[in-house]
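Welcome! Here is a short note to read alongside the structure.

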Amino acid sequence: MDTIKTDQQVRRTEIKSILESGEVGATVLVKGWVRAFRANRFIALNDGSTFNNLQIVVDFENFDEELLKSISFHSCISIKGQLLESQGKGQKYEILAEEIELLGGSNPDDYKLQPKKQTMEYLREQAHFRMRTNTFSAVFRIRHAVAFAINKYFHDRGYYYLHTPIITGSDAEGAGEMFRVTTLEPNGAPLNEAGEVDYQQDFFGKATNLTVSGQLQAEIGALALGKVYTFGPTFRAENSNTSRHLAEFWMIEPEVAFADIYDDMDLAEDFSKYLINFILENYPDDLAFLDKRIQDMEKQMKKEDRRPMGLLDTLRFVVENDFERITYTEAVNLVRNSKPYKKGRFKFELEWGMDLQSEHERWLVEKKFMKPVIVRDYPKDIKAFYMRMNEDDKTVAAMDVLFPGIGEVIGGSQREERLDVLKARMAQMDIHEDELDWYLDLRKFGGCPHAGFGLGFERMVLFITGMSNIRDVIAFPRTPGNAEF
RNA sequence: GGACGUGUAGCUCAGAGGCAGAGCAGUCGGCUGUUAACCGUCAGGUCGAGAUUUCAAAAUUCUCCAUGUCCGCCA
């Protein structure tokens with residue numbers, strides 16, 4: 001038989017559906033990408049619907065030699081045939097091919113890739129290939145599922161999804177360096193009398209930036225709709241070169257009226273556990289693969305660098321145990337009285353009033369408590385202006401949720417609802433009232449206690465997938481010096 | 001922004017002054033139950049770039065370029 005057109009009467013079935021509820025003996029049509037063609041007889045086909053491949057059995061005498069030759073690594077084919085119970089060991093079903101059509105070839109002379117382990121760095125440069133690998137297809141299925149679970153969690157609990165602006169005119173949010181948004185030409189922009197760029201002549205009539213946080217706007221939503229959350233892209237122009245920072249990332253920011261810092265911590269813990277549980281229950285194949293992948297990698301590492309638990313065990317452990325809750329003051333004392341601190345094993349000193357260093361946080365999470373830790377009541381001087389002042393007048397009702405391996409995944413606070421206290425804080429921190437008059441209005445007209453937090457979406461996906469670099473849980477990472485694709 | 005590391009075949013890497021190497025991928029041939037299939041065959045190189053030391057440099061030294069890890073800033 002030569003190349004045969006597929007019979008349009010038969011509709012395509014997704015591989016996930018065949019593996020879950022296939023009917024032996026039925027004629028099915030499948031389409032997908034070739035992961036392997038072994039022994040001139042067995043094709044491992046993947047169509048992205050599931051982690052698992054479907055085995056296609058080809059009697060090569062029945063097909064044109066040129067057609068079979070064109071079935072190379074990552075070519076795209078359509079197969080019609082009968083679904084059978086597999087005679088081999090590695091899989092339950094297989095399809096005996098009756099008709100094969102080449103949808104998209106992949107010339108091996110030009111296609112410089114192979115079915116083998118690649119470095120994450122190399123794959124970042126090969127966009128089409130990256131997402132077809134076992135690792136990344138698993139990561140991106142899970143990423144989708146986490147996003148879905150976020151919306152489901154909040155919707156089921158009566159929160160409203162609020163879309164806060166991506167372009168903002170406020171430059172007082174204080175969450176980091178911002179990307180400027182302008183239509184003015186870099187050379188030849190109009191100048192004002194002081195010789196500075198005149199943004200009054202810019203598109204919006206003022207200087208504008210990409211958002212670093214939707215929180216201030218979300219507060220307005222919370223004090224009207226009661227419970228809201230944002231989930232959108234966020235931009236930080238920080239020159240941060242680490243495995244847990246992106247210049248463009250997605251952030252979730254719930255904001256709740258009538259909530260205090262304890263409600264906030266309860267929400268953060270319950271929410272985190274829900275997301276992890278959702279993936280454990282719905283994506284066991286992808287998680288099992290990622291778990292095994294990490295185990296294989298760890299075998300080649302020194303014992304002291306290995307993680308104390310595997311991925312699945314870590315996720316279950318987080319879901320099944322309460323997060324540890326301590327104050328900043330307790331955290332400082334624990335670190336200062338720890339063996340490694342006394343023996344000078346830490347690079348940085350720690351005194352009350354200083355920010356906890358990564359190494360201190362990691363000791364608390366990974367050595368002392370062996371689970372996520374929520375630290376609250378930080379010194380006011382190392383936190384943002386909008387956080388609620390505690391009665392000691394030294395600390396604010398802020399909390400950070402620290403996860404093993406990643407550090408801060410959630411940062412939140414109860415917001416300062418007392419107008420006079422907020423104004424005093426802004427004056428101390430040199431933030432001009434006229435830039436945030438709309439934010440102050442919220443305290444003037446029907447203000448109330450409220451709280452919320454920001455969760456770094458990619459950091460949560462990083463934790464759940466067990467990947468080690470945040471660039472490998474987003475399809476097209478933007479980092480300093482890199483905006484490919 | 002700071003510190004350190006890495007650039008050798010399409011990919012992953014070895015080579016530590018003396019002929020440019022291996023595995024996988026690719027070519028060609030073989031193989032009707034494979035699971036990163038296997039066996040044989042052939043081909044594949046400006047050793048990141050430019051200088052420098054040397055009889056001799058992929059290797060020493062310097063500059064530049066690219067890239068990674070860690071730290072800082074944060075989510």
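This is a predicted model: local features need pLDDT of at least 70, side-chain atom pairs count only at pLDDT 80 or more; totals for chains, interfaces and linings use all residues.

1. Residues are numbered from 1 along each chain as its sequence is written, chains are lettered from A and ligands numbered from 1 in the order in which they are written, and side-chain values use heavy atoms, with hydrogens and water left out.

2. Start with glutamine 215, in helix H6 (residues 215–225); helices are DSSP runs (H or I) of at least four residues, numbered from the N terminus. Glutamine 215 has a relative accessible area of 5%, so this residue is buried (under 20%, 1.4 Å probe, protein chains only). Beyond its neighbours within four places in sequence, glutamine 215 is in contact (heavy atoms within 4.5 Å) with Glu253, Glu255, Tyr386, Arg415 and Tyr439.

3. Next, the interior. A nonpolar core is a set of buried Ala, Val, Leu, Ile, Met, Phe, Trp, Tyr and Cys residues joined through side-chain atoms within 4.5 Å. The largest one has 66 residues, and Phe271 and Ile150 are among those with the most contacts inside it. Helix H5 (residues 134–156) supplies the largest share, twelve residues. A second, separate core has 31 residues, including Val335 and Met426.

4. Finally, isoleucine 167 belongs to strand S7 (residues 167–168); strands are DSSP runs (E) of at least two residues.

Key:
Buried means under 20% relative accessible area, exposed over 50%, partly exposed in between (1.4 Å probe, protein chains only).
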